[in-house]
Protein chains: 2
Amino acid sequence: MAERLVVIGGDAAGMSAASQARRRRPDLDIVALEKGRFTSYSACGIPYLVGGEVGRAEDLVARTPEEFRSKQRIDVRIRHEAMAVDLDARTIDVRDVEHERSYSLGFDFVVFGTGAVPIRPDLPGIDAPWVRGVQTLEDAASLLAEAERSRCRDVVVVGAGYIGLEMAEAFHRRGAQVALVEGAPTVMGRTLDADMAVRIHGGLRDLGVDVRLGEQVERFEDGAVVTGSGRIPADLVVLGLGVAPASALAADAGVELGPRRSVAVDRRQRTSVDGVWAAGDCASTWHRVSERPVHIALGTVANKTGRVAGIDIGGGYATFPGVLGTAITKVCQTEVARTGLTEREAADAGFAVDVATIETTTTASYIPGTQRVHVKLVSEQGTGRVLGAQIVGGTGSAKRIDTVAAALAGRLTVTDLVDLDLAYAPPFSSVWDPIQQAARQIRTTPR
Amino acid sequence: MAERLVVIGGDAAGMSAASQARRRRPDLDIVALEKGRFTSYSACGIPYLVGGEVGRAEDLVARTPEEFRSKQRIDVRIRHEAMAVDLDARTIDVRDVEHERSYSLGFDFVVFGTGAVPIRPDLPGIDAPWVRGVQTLEDAASLLAEAERSRCRDVVVVGAGYIGLEMAEAFHRRGAQVALVEGAPTVMGRTLDADMAVRIHGGLRDLGVDVRLGEQVERFEDGAVVTGSGRIPADLVVLGLGVAPASALAADAGVELGPRRSVAVDRRQRTSVDGVWAAGDCASTWHRVSERPVHIALGTVANKTGRVAGIDIGGGYATFPGVLGTAITKVCQTEVARTGLTEREAADAGFAVDVATIETTTTASYIPGTQRVHVKLVSEQGTGRVLGAQIVGGTGSAKRIDTVAAALAGRLTVTDLVDLDLAYAPPFSSVWDPIQQAARQIRTTPR
């Protein structure tokens with residue numbers, strides 16, 4: 001009988017693993033269990049669905065269950081949930097939600113691609129149905145259906161990280177009155193240093209979002225969120241407090257956990273148990289700059305780690321060297337990006353740093369429509385090694401972060417950045433690229 | 001008496017050198033000789049001046065002679081031309097054009113920042129006043145004045161490199177009927193591989209430019225350019241055949257020359273003669289990928305090499321590691337960029353290569369307004385070392401080349417590119433960045 005691979009979770013990580021395994025092992029019996037209705041979708045696209053820029057949930061789906069079945073002979077079972085995994089008996093208890101039945105599924109290899117779940121703080125009223133995390137496309141579709149039914153006017157977003165900010169803007173686009181409540185003194189407090197984060201506030205407030213910083217949520221009541229400062233009307237509450245790895249299934253099966261209870265893996269995405277892999281938002285990874293194990297839930301990482309797991313299962317060789325901490329988003333017209341370590345993270349990781357922050361234009365200053373851009377660059381004292389960068393600016397600013405990401409991978413120094421042959425023409429850059437202007441400032445600032 | 005530095009040429013290279021030297025040597029007597037009227041201007045901005053996007057020639061000037069004099073105590077002498085340099089006597093014969101007088105200027109140190117001049121092919125009629133190269137801001141200002149006087153309707157651009165393409169578009173914007181004559185079978189034949197270059201033709205033709213490829217100019221007549229295929233009406237001919245280093249002054253003084261008769265320099269921009277530096281378009285440089293001396297006339301290089309010369313003159317330490325061959329431009333709505341070696345250049349440099357060309361979108365495919373982008377990636381067989389990339393695509397495509405430039409500086413491999421933590425959010429990229437899609441294709445294509 002053919003060997004069987006079971007992938008638990010039908011999104012980016014799981015289906016990348018399944019696809020890569022299929023490519024190398026035509027003989028393998030591959031089953032993918034997905035508790036929702038959708039496979040391989042762009043969770044990062046959900047805010048654009050909510051905001052109306054993307055018309056239908058299906059537009060976010062890269063590949064449907066039918067396509068996986070017909071093109072890759074992957075037996076995708078949607079609305080089938082893995083309830084328990086027995087790693088000795090090599091069986092999974094599966095719940096077929098649609099038909100309300102359960103069955104046992106044997107396997108030789110298994111991939112945990114179970115993703116992450118929104119963090120729900122332990123506050124009174126948190127379990128009310130109108131207090132929502134939006135993590136899966138299923139979540140988004142049902143939220144949208146509900147929002148249409150009830151014509152929700154007042155939306156409160158709790159937490160001002162990426163997802164919180166993107167959802168705040170999305171509901172604003174839908175015509176809602178949006179309040180954004182954040183306990184920290186700035187938005188994106190886990191993503192940017194405070195001196196960069198404050199540059200985002202203006203755009204949000206100009207949009208008409210009620211930005212409430214340093215305000216703690218105390219409880220959720222019918223029709224309102226109660227904070228230390230008062231009562232905010234709410235037809236709907238969207239949680240943007242980050243996510244936690246959905247690792248309970250793996251942990252219960254006896255697989256070792258890593259940082260933040262993510263599933264611990266090696267560089268080939270192998271877990272502590274033979275024949276068991278994990279990838280994507282449920283798994284731990286490695287930070288290439290801090291050189292520490294971390295948990296980072298991002299679509300790019302899910303695709304990459306799923307690919308590596310699948311190649312390994314298929315008998316090929318691939319490793320994942322870890323993340324650089326790169327991230328990007330757009331808040332109203334402001335673009336925001338980071339890579340490597342922030343100044344604070346670098347200090348936490350034990351680095352003594354030099355820092356420069358510059359303000360310049362995205363193009364030659366004389367090109368009509370040029371935008372302001374701020375770049376903060378962090379490097380190691382003494383060696384000059386680049387440790388990270390943050391960018392906040394207008395259109396054309398943020399994707400420049402990739403230059404620094406590549407520089408981090410190559411362990412370049414600030415001098416290397418100054419010397420770097422970056423592309424210049426007046427509609428694209430000033431003659432010294434903004435990143436180089438920051439590097440030059442570090443080089444010439446006496447400590 | 002104070003030591004004297006004389007900088008010959010008051011644009012990017014010369015004035016960067018003068019500024020850096022001033023910063024480190026407050027005692028130095030610094031004279032800058034500039035035969036034109038402008039200092040430190042953006043030659044790359046000239047097409048935007050011609051096209052009308054930039055209003056006045058002065059908008060392209062980063063720093064005026066008055067500013068250099070008052071803020072940096074640099075004695076800038078405009079309309080003063082260095083006629084001959086005696087490196088034994090340490091004197092320069094200077095012609096004061098404005099006052100029609102000559103004088104001798106002594107120096108201790110000298111920087112050649114004499115730039116480059118448009119190549120003028122030896123053809124009948126080439127010396128007619130309406131056959132113009134546009135290299136200096138002086139050239140541009142007089143060209144514009146003339147174009148306004150004569151309301152030139154028919155413009156022929158000879159040569160379809162960057163400058164030719166940019167000037168063709170600029171004159172089209174001014175309302176001229178533009179023909180572009182190029183002897184090679186594609187535009188940008190020295191910049192891109194032919195398979196990438198052909199992707200630019202459509203946009204130019206859609207604009208209404210009469211693109212004539214594989215057509216040789218035979219002579220210039222009054223009111224026409226005559227090619228192998230016929231007679232093209234012309235009120236004005238703009239030469240876009242590239243530039244040659246303006247090295248005669250240095251060569252006559254006995255300084256050694258390098259590739260294409262550029263002034264040979266070491267990594268600190270020192271020439272073969274003690275106390276003599278060269279920088280910018282007149283100087284040679286080093287190609288970091290082909291590992292050959294090259295001549296590349298680009299504003300970024302002029303700024304960088306001028307800076308290095310000035311630091312060295314000032315007693316500091318800096319070196320220029322050379323160029324990566326990065327370049328970028330916009331042709332109508334099409335963005336074009338390259339870095340490293342093209343497939344052809346890599347073969348010329350003795351590399352055996354793997355190549356991938358992909359077509360994808362600049363953002364997630366479901367984001368409204370997403371643009372097509374083509375990426376060609378060239379790597380070394382066996383080692384997988386990245387050797388170069390070319391990008392042609394819509395808005396948001398071309399600046400991505402910087403990621404590859406940084407990868408070249410770090411000597412990354414295609415596997416490193418696949419692993420790279422590049423910034424992803426739906427409005428900025430697909431989950432695998434276009435560059436990574438090309439890298440993945442090289443990795444999975446069996447040779």
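Axes are lines fitted to C-alpha atoms, for helices over the stretch in contact, and angles run from 0 to 180 degrees between N-to-C directions. Helices (H or I, at least four residues) and strands (E, at least two) are DSSP runs, numbered from the N terminus. This is a predicted model, in which local features need pLDDT of at least 70, side-chain atom pairs count only at pLDDT 80 or more, and totals for chains, interfaces and linings use all residues. Residues are numbered from 1 along each chain as its sequence is written, while chains are lettered from A and ligands numbered from 1 in the order in which they are written.

In chain B, the axes of helix α1 (residues 12-24) and helix α8 (residues 299-313) come within 7 Å and cross at roughly 30°. Angles under 35 degrees count as roughly parallel, over 145 as roughly antiparallel, 65 to 115 as roughly perpendicular and the rest as oblique. α1(B) and α8(B) are therefore roughly parallel to each other. A crossing is left-handed if the near helix is turned anticlockwise from the far one by less than a right angle, and right-handed if clockwise; α1(B) passes α8(B) in a right-handed crossing. Two residues are in contact if their C-beta atoms, placed from the backbone, lie within 7 Å. Among the contacting residues are B:A13, B:A17 and B:R24 of α1(B), and B:A302, B:G306 and B:I313 of α8(B). By class, this contact has nine nonpolar, nine polar and two charged residues, where Ala, Val, Leu, Ile, Met, Phe, Trp, Tyr, Cys and Pro count as nonpolar, Asp, Glu, Lys and Arg as charged, and the others, Gly among them, as polar.

For chain A, the axes of helix α1 (residues 12-24) and α8(A) come within 7 Å and cross at roughly 30°. α1(A) and α8(A) are therefore roughly parallel to each other, and their crossing is right-handed. The contact includes A:G14, A:A18 and A:A21 of α1(A), with A:N303, A:G310 and A:I311 among the residues of α8(A).

How are the two chains related? A rotation of 180° with 0.0 Å of shift along its axis superposes chain A on chain B, with an RMSD of 0.0 Å. That is the relation of a two-fold axis. Copies are superposed by least squares on the C-alpha atoms of residues with pLDDT of at least 70 in both.

At the interface, 52 residues of chain A are in contact with 52 residues of chain B. On the side of chain A that touches chain B, the elements giving two or more residues are α8 (299-313), β21 (327-331), α10 and α11 (414-419) of chain A. α10(A) gives the most, with seven residues. By class, this side of chain A has 32 nonpolar, nine polar and eleven charged residues. Of the interface residues of chain A, 100% are also interface residues in chain B, so the copies meet through the same surface.

Helix α10 (residues 401-409) of chain A and helix α10 (residues 401-409) of chain B pack at an angle of about 15°, with their axes 8 Å apart. That makes α10(A) roughly parallel to α10(B). Their crossing is right-handed. The contact is made by A:D402, A:T403, A:A406 and A:A407 of α10(A) and by B:D402, B:T403, B:A406 and B:A407 of α10(B). It has four nonpolar, two polar and two charged residues.

Turning to the sheets, two strands pair if DSSP finds at least two bridges between them. In chain A, five strands form an open sheet in the order β9-β16-β10-β11-β12, with parallel pairing. β9 (131-133) and β12 (210-213) of chain A stand at the edges, each with a single partner strand, so one side of each is left without a neighbour in the sheet. The twist averages 20° from one strand to the next. β9(A) is joined by three bridges to strand β16 (residues 236-239) of chain A, and the two run parallel. A:G133 has A:L239 as its bridge partner in β16(A). Helix α5 (residues 162-173) of chain A packs on the sheet, touching β10 (154-158), β11 (177-182) and β16 of chain A, and its direction makes about 165° with that of β11(A).

Chain B has an open sheet of three strands in the order β13-β14-β15, with antiparallel pairing. β13(B) and β14(B) pair over four bridges, and B:R219 stands opposite B:V226 in β14(B). A hairpin joins β14(B) to β15(B) through two residues.
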